Every structure is written in structure tokens, then in C-alpha cells.
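Dear colleague,

Please find the structure below, together with its sequence. A short account of the findings follows it.

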Amino acid sequence: MAAEDVVGILIADDHTLLRESLRDVLLTEDDFRIVGEAGDGESLTALAARSRPDVVLMDIDMPRSQPAETVRRIQQVSPDTKVLILSMYDDPQLVQQMLRSGISGYLHKSISRQDLVAAIRSARNGGQRLVISVSRETLTQVNTIRPGLLSVREQEVLSLVATAMSNRQIAVRLSITEGTVKRHLRNIFGKLGAVSRIDAVNKAVSASLIPGRY
């Protein structure tokens, strides 16, 4: 695997067991490499300066860390590093504050392994900022999705995704090419800040963009 294809990740959490669990989960991905682990804000900043990770996965509640200030310091010592917050806290004001600090995403610790991996890849590739696995109330307050955000065709595609159809099946149903389906899905993911098909469906249902039952 080429060096540019490897995602260097720095894990920051003051709970050793959680750091070890995250490391074990992430290392199941062939393109992920753990470049360091930190248990407090000061060591995190120092490690970020030395290792220049692609992505920092950071707990919001650590010793010697004011979260927004820690993010600012990481950005100073390693400007290309993307920061993802991984937290148990689900307060709308806190999420908004952290998004204003320039993080690439705010993830709740109840997030699935699949969505965590997708969020890391999205952050590394410069995808839109993500808010994943927080309560519906928090998501609504932080990132209100406008009615009419999706085109009629995009709503049709996503509605069929919600029925577990494959891209090929959707293409046949709508009499379009599979490539066109993929293009619509890329647009949908970008508009909704989604990292997976399930995430896109959940966000669209929560925003009443598509029906909730099929």
C-alpha cells in the first residue's frame, strides 16, 4: 500500500482501556495506522507536532485540556490534521462550540464501528463536517436540514436506498445508469453530511425529507 493511502491516526482519551479498544478496532482496517496515543491535552499537542497525524480522534473531557483551545493548538502545530471529537456529551451548545473551533466532526461514543471508520476516512479526505450519533434534538439544533434540500430525484434515490435496494436495482427501477445513481448518492451525502447509506437515510427521515416507513 502506498504511503499516501495510509491514514495516520492519533488517539486521545484519558481512559487507557478505551484507547486500547479504539486502537484494536481501527487496526482491523488495512489503511489505518496508529501514530500515537495521548491521555491529556498537553501530551496530545506534543504528539501531534511530532507525528503530524492525518486525523486526531479526541475525547472532549481530558486532563490539562480546554477542548477548543486544544483543537486550536493542534491546528497550529499540524495544520493539515483533521480533528474528530469522540464524546459521551450530547449538549447542543457544546457541539456548536466545538464545530466553531474548526473540528471535522463530533461523534458520540455510541457510534457504530462502521460509521466511525467512515467518519475518519471522510475527515481525512476533506469531507463535510459530521455530527453523528447525537440525539435527534441535538442534531436538529446543531445542523438543521432545510426542507427541499434534496432534489426530487435525490429523494427518489434515497427512498429506494431505504428499502435496501442496491445501486443496480435503483438504476433499473428509475431507468437511469448505475453511474448516475452513484452521482446522486455523492450529492446526497454531501448535502446531508452523511458518511454511509444508513446515516443518509436516518438523517433524511429525521428531517422529514423521505418517509420513515417502507
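Helices (H or I, at least four residues) and strands (E, at least two) are taken as DSSP runs, numbered from the N terminus. The model is predicted, so local features need pLDDT of at least 70 and side-chain atom pairs count only at pLDDT 80 or more, while totals for chains, interfaces and linings use all residues. Residues are numbered from 1 along each chain as its sequence is written, and side-chain values use heavy atoms, leaving out hydrogens and water.

The protein chain has 10 helices and 6 strands. Of its 214 residues, 47% are buried (under 20% relative accessible area, 1.4 Å probe, protein chains only).

Ser87 lies in strand β4 (residues 82-87). With a relative accessibility of 0%, Ser87 counts as buried. Leaving aside residues up to four places away in sequence, Ser87 is in contact with Asp59, Ile60, Tyr106, Leu107, His108 and Lys109 (heavy atoms within 4.5 Å).

In helix α3 (residues 67-77), the buried residues are Pro67, Thr70, Val71 and Ile74. They span an arc of only 100° around the axis, and therefore sit on the same side of α3 (the arc is that of the directions from the helix axis to the C-beta atoms).

Helices α8 (residues 167-174) and α9 (residues 178-192) have axes that come within 8 Å and cross at roughly 105° (axes are lines fitted to C-alpha atoms over the stretch in contact, with angles from 0 to 180 degrees between N-to-C directions). The two helices, α8 and α9, are therefore roughly perpendicular (65 to 115 degrees). Asn167, Arg168, Ile170 and Ala171 of α8 meet Glu178, Val181, Lys182 and Leu185 of α9.

With kind regards

Notes. Buried < 20%, exposed > 50% of the residue type's maximum accessible area, 1.4 Å probe, protein only. Parallel < 35°, antiparallel > 145°, perpendicular 65-115°, else oblique.
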